[in-house]
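Welcome! Please take a moment to look over the protein chain shown here, and then we will walk through some of its details together.

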Amino acid sequence: MKHFFSEKEDMAFSAVVLRYNSLADGSEEKLMLESKVKDRTKILLYLIPQRNLYLPEEDASAFLIDIIRDIDRIVDSFRISGLTYNKYLSQICRYRCMQYLKKKRTREFTEKALLYSDLSLYDRELKEDAEEYNASNAKDVGNLSLTEIMEKIIKESQACDSAGSPAEGELRKALSSKVSRRRFLTFLLSLPETENDRFMNGVSRVLSVDKSLVTHFYLMRHEELRINEDDRKKAEEIAGRYWQTMAKLRHAIAAEDDDAKAGMLHEAYQRTKAIYEKRREKLAKSRKGLTQRQIAELTHVPRSTISNDICRTRELLESVMEMVQM
């Protein structure tokens, strides 16, 4: 693969890409060059991050999967300039790798956020948890706002069952101060939906508060997330229809003997898949927790403070996990 990065080869292939972009769409020569240009571009998008940005092979593969959907736009955007094609792709990879690594860190923080509990998503209302309220607890916290509930959780501390993992014990110590507890609650507001029973038991233990307070905190958070529930249901329904269409097309392609018809079905499948992926992205966005702006408006705290709280809590959780793993 080293010859891909020689100056002579780079200049020669840059000329090929420029020639490809100058040709009219659908012309015979452009169709002949298309496979060569795009196949070589895919190889470069895989090799450049490893060569120039020192991404490990696993990340380079995931990065290629992430960027390959934009390959047509990347190729079409190359024009005559002071950059060769390799240098042009290097600039793109540098920017996109920063985005990829940022998303990866965010995803890892979420996946590892609380080592003592599973962060499984759910698609049900909190009826079971709501039933756990008794009359006295409902009277105590039923009319409080989210901010007041948070203040109550921050101030109240009691002797709780110490059962849990070593990570949970370390986290309980780290959350002994009111400032760290406030930051932790802010962080919980920003997480994806995690309100299962095991999760809330863990939160009540590490914060040393009654579970009814934690349950009420999550019920109120859930109400805020429900604002976008109609959009989410619609996105789920539409994504499901496209998934069914894709399944039918895959079956039709496998059963089709005529190569021409199979090719047309494959094109239809790719178009449907592209739309399905967009719907999946929209659905994924609707499953995220509250934004920093929403949290700031709910808690009447500056957005910069919210951002700082979330960042510091992530650092705390990482340090706790590193301490336990040592």
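## A buried asparagine

Asn 86 has its place in helix α5 (residues 85-111). Helices here are DSSP runs of H or I with at least four residues, strands are runs of E with at least two, and both are numbered from the N terminus. Is Asn 86 buried or exposed? Asn 86 is buried, with a relative accessible area of 7%. (Buried means under 20% relative accessible area, exposed over 50%, and partly exposed in between, using a 1.4 Å probe and protein chains only.)

Which residues does Asn 86 touch? Leaving aside residues up to four places away in sequence, Asn 86 touches Phe 4, Phe 5, Asp 10, Leu 44 and Ile 48. A contact here means heavy atoms within 4.5 Å.

## What kind of model this is

This is a predicted model, in which local features need pLDDT of at least 70 and side-chain atom pairs count only at pLDDT 80 or more, while totals for chains, interfaces and linings use all residues. Residues are numbered from 1 along each chain as its sequence is written, and side-chain values use heavy atoms, with hydrogens and water left out.

The pLDDT is the predictor's confidence in each residue, from 0 to 100. The protein chain averages a pLDDT of 78, and 79% of the residues score at least 70. Where in the protein chain is confidence lowest, and where is it highest? Helix α6 (residues 127-131) has the lowest confidence, at a mean of 43, and α1 has the highest, at 92. Over residues 112-139 the pLDDT is below 50, and this stretch has 66 contacts in the model beyond near neighbours in sequence.

## The chain as a whole

How many helices and strands does the protein chain have? There are 16 helices and zero strands. The chain has 326 residues, and buried residues make up 39% of them. Among the contacts with a separation of 6 or more, 74% are between residues 24 or more positions apart.

## Salt bridges

A salt bridge is a side-chain nitrogen of Lys or Arg within 4 Å of a carboxyl oxygen of Asp or Glu. By this rule, the count is nine salt bridges. One of them joins Glu 29 and Arg 19, whose closest N and O atoms are 2.9 Å apart. Glu 29 lies in helix α2 (residues 28-52) and Arg 19 in helix α1 (residues 7-22), so this pair ties together parts that are 10 residues apart in sequence. Glu 29 is partly exposed, at 34% relative accessible area, and Arg 19 is also partly exposed, at 41%.

Asp 72 and Lys 38 meet through their side chains in another salt bridge, at 2.4 Å from N to O. Asp 72 belongs to helix α4 (residues 71-76) and Lys 38 to helix α2, so the pair ties together parts that are 34 residues apart in sequence. Asp 72 is partly exposed, at 39%, whereas Lys 38 counts as buried, at 16%. Together with Glu 34, these two residues are linked in a network of salt bridges. A further salt bridge joins Asp 70 to Arg 73, with 3.6 Å between the closest N and O atoms. Here Asp 70 is buried, at 18%, and Arg 73 is exposed, at 51%.

## A pocket beside the network

Rolling a probe the size of a water molecule over the atoms shows where empty space is left. On a 1 Å grid over the protein atoms alone, a pocket is an open set of points where a 1.4 Å probe fits, with protein on both sides within 12 Å along at least five of seven lines; lining residues have an atom within 4 Å of a point. Grid points are joined across faces, edges and corners, and a volume is the space filled by probe spheres set on the points.The second largest pocket holds about 370 Å³ of space. Its lining includes Glu 34, Lys 38 and Asp 72, along with Leu 31, Ser 35 and Ile 68. The elements giving two or more residues to this lining are α2 and α4, and α2 gives the most, with six residues. The lining residues divide into three nonpolar, one polar and six charged. (Ala, Val, Leu, Ile, Met, Phe, Trp, Tyr, Cys and Pro count as nonpolar, Asp, Glu, Lys and Arg as charged, and the others, Gly among them, as polar.)

## Two residues with positive phi

Ser 208 has a positive phi of about 55 degrees although it is not a glycine. Ser 208 sits in the loop between α11 (197-207) and α12 (211-225) and counts as buried, at 12% relative accessibility. His 300, not a glycine either, has a positive phi of about 60 degrees. The loop between α15 (292-299) and α16 (303-325) holds His 300, which counts as exposed at 67%.
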